[in-house]
Amino acid sequence: MVIRHRDGNNQGLLRGAAPARPTCQGCGRALVAWVRPNGSEDGPRVAVAGSCFCDRITMLPTRTRILLLQHPREQRVAIGTARMAQLALPNSRLRVGLDFAEDPEVAEVLERSTASYVLFPGASATPIEDLPRDRDVTLVVLDGTWWQARKLLKLNPAIAALPRVAFRPQKPSAYLIRREPAEFCVSTIEALAEVLKVLEPEGDRFARLLDPFHAMVARQRWFRDEVRSSRHHSTRRRRVSPRNALAARLLADWSRLVCIHGEANSWPRHHPAREAPETVHWVAHRPATEETFEAMMAPRQALADATPGHVGLSPERLRAGGTVEQWHDAWKDFTRPDDILVMWGTYYRDLAAADGLPLSVPSMNLRDEVSRLLRRRFGTVEASMDLLGATPALLSLSGRGGRRLSALVGALMSLRIPDGTDARGDALAEPLPAAVPARMS
């Protein structure tokens, strides 16, 4: 085993400090760890075996070419798994950066393949089971948080233009030392183990890909639970970024959040026939359960000439809507007493309340939250999507109200994912959406 010392000398000692930790040149992990047992802050340090996992790696040749593109921030995460996967898969390459347009290795890998795919969920993503088996394929895997992965796609149009593939994880992530943003998220190496099991002959052998991963997780948990060194239990208060603080709030209340949006029959301000605006379209979505609500109410007064085009619904469809009473009854069945309403601006919530809709629950104006976070004011939710690294959710809802709600849900889902080394997932797996509609028309 070839080792290097972080202090750059052969003695492996830092002046006036404990011995520096020699690290493995293969995986980059420490070969030796210096700890103070039993949580002591001033006791002598003792050397214990480090967290190098190279002895657990099994070389697993593949016909599938794998190109791992890693966000630079993820490279600094010691417990990331992309490097671990790359060491075990000889037909893989790992590149670190933001813009790969001029990267010769990336260009070479993509030019050699007539069948390249990017592992990233989306509306047009093909299930991994449907990829061709009669030819070799190249699989591009983005390594980083969800926000970082979307950033890589945005900065690399050639990668974003590749056909997307997705998969459903067969079980929850075993990455117990990092908090995943959602149950369907898995680490990069777990994602590769699942997709290679499908793509490769004798796919069951790729369970061995996870041997070093499980060993690393077990070792880190041992450090946390048994060694209890002061290094792992610092009493200093960590500074929490505003985005992570918001993500923590959203994660804590995720099961209670309900995104809402409305559309109105509204006359121009100075029109001689102007009447008070009224709600004619009301949509909502509960991200935690993927329940969706849609109600369309027939206008109670004259339909403004511009309303159908403005809300994206035909006059015939609007006039065929239900009654306000039906809307109220259906909404009562959909909502729960502890719900928290999430909206982009308060206009349509207030208009619905004026129409008598029961809304006596807490609410969150996401436009204000995003404006504080990004330090700029946004008019529509769609205008904030790129800066948030968000994509609209897949909701089968009508008109402009459906599009606005899809964007709102997408923005909310991007904001609940922490962007930090202590509360992140680094995998790209997402279940194919399956909304549960609760419609009233």
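This is a predicted model: local features need pLDDT of at least 70, side-chain atom pairs count only at pLDDT 80 or more; totals for chains, interfaces and linings use all residues.

Reader: Why is the pair of Trp 282 and Trp 327 called tilted?

Author: The ring centres of Trp 282 and Trp 327 are 6.0 Å apart, and the angle between their planes is 55 degrees, so the pair falls into the remaining class, tilted. Trp 282 lies in strand E12 (residues 278–286) and Trp 327 in helix H11 (residues 324–334), so this pair ties together parts that are 45 residues apart in sequence. Helices (H or I, at least four residues) and strands (E, at least two) are DSSP runs, numbered from the N terminus.

Reader: Why is the pair of Trp 282 and Trp 331 called edge-to-face?

Author: Here the planes of Trp 282 and Trp 331 stand at 85 degrees, with 5.8 Å from centre to centre, so the angle is over the cut-off for edge-to-face. Trp 331 also lies in helix H11, so its pairing with Trp 282 in strand E12 ties together parts that are 49 residues apart in sequence. Both Trp 282 and Trp 331 are buried, a word that means under 20% relative accessible area, with exposed being over 50% and partly exposed in between (1.4 Å probe, protein chains only).

Reader: How do you know whether Glu 290 and Arg 375 are buried, partly exposed or exposed?

Author: Glu 290, in the loop between E12 and strand E13 (291–296), has a relative accessible area of 26%, so it counts as partly exposed. Arg 375, in the loop between H13 and helix H14 (385–388), has 79% relative accessibility and therefore counts as exposed.

Reader: What makes Arg 286 a charge over the ring of Phe 334?

Author: A charge sits over a ring if NZ of Lys or CZ of Arg is within 6 Å of the ring centre and within 35 degrees of the ring normal. Arg 286 lies over the face of Phe 334 at 5.2 Å from the ring centre, and the charged end of Arg 416 sits over the ring of Trp 254, 4.1 Å from its centre.

Reader: Why is helix H8 called roughly perpendicular to H15, while H13 is called oblique to H15?

Author: Angles under 35 degrees count as roughly parallel, over 145 as roughly antiparallel, 65 to 115 as roughly perpendicular and the rest as oblique; axes are lines fitted to C-alpha atoms, for helices over the stretch in contact, and angles run from 0 to 180 degrees between N-to-C directions. Helix H8 (residues 242–252) and H15 pack at about 110 degrees, with their axes 8 Å apart, and are therefore roughly perpendicular. The axes of helix H13 (residues 366–374) and helix H15 (residues 399–415) come within 12 Å and cross at roughly 50 degrees, which makes H13 oblique to H15.

Key
Residues are numbered from 1 along each chain as its sequence is written. Side-chain values use heavy atoms; hydrogens and water are left out. Rings of Phe, Tyr and Trp (its six-membered ring) pair if their centres lie within 6.5 Å; planes under 30 degrees apart count as stacked, over 60 as edge-to-face and the rest as tilted.
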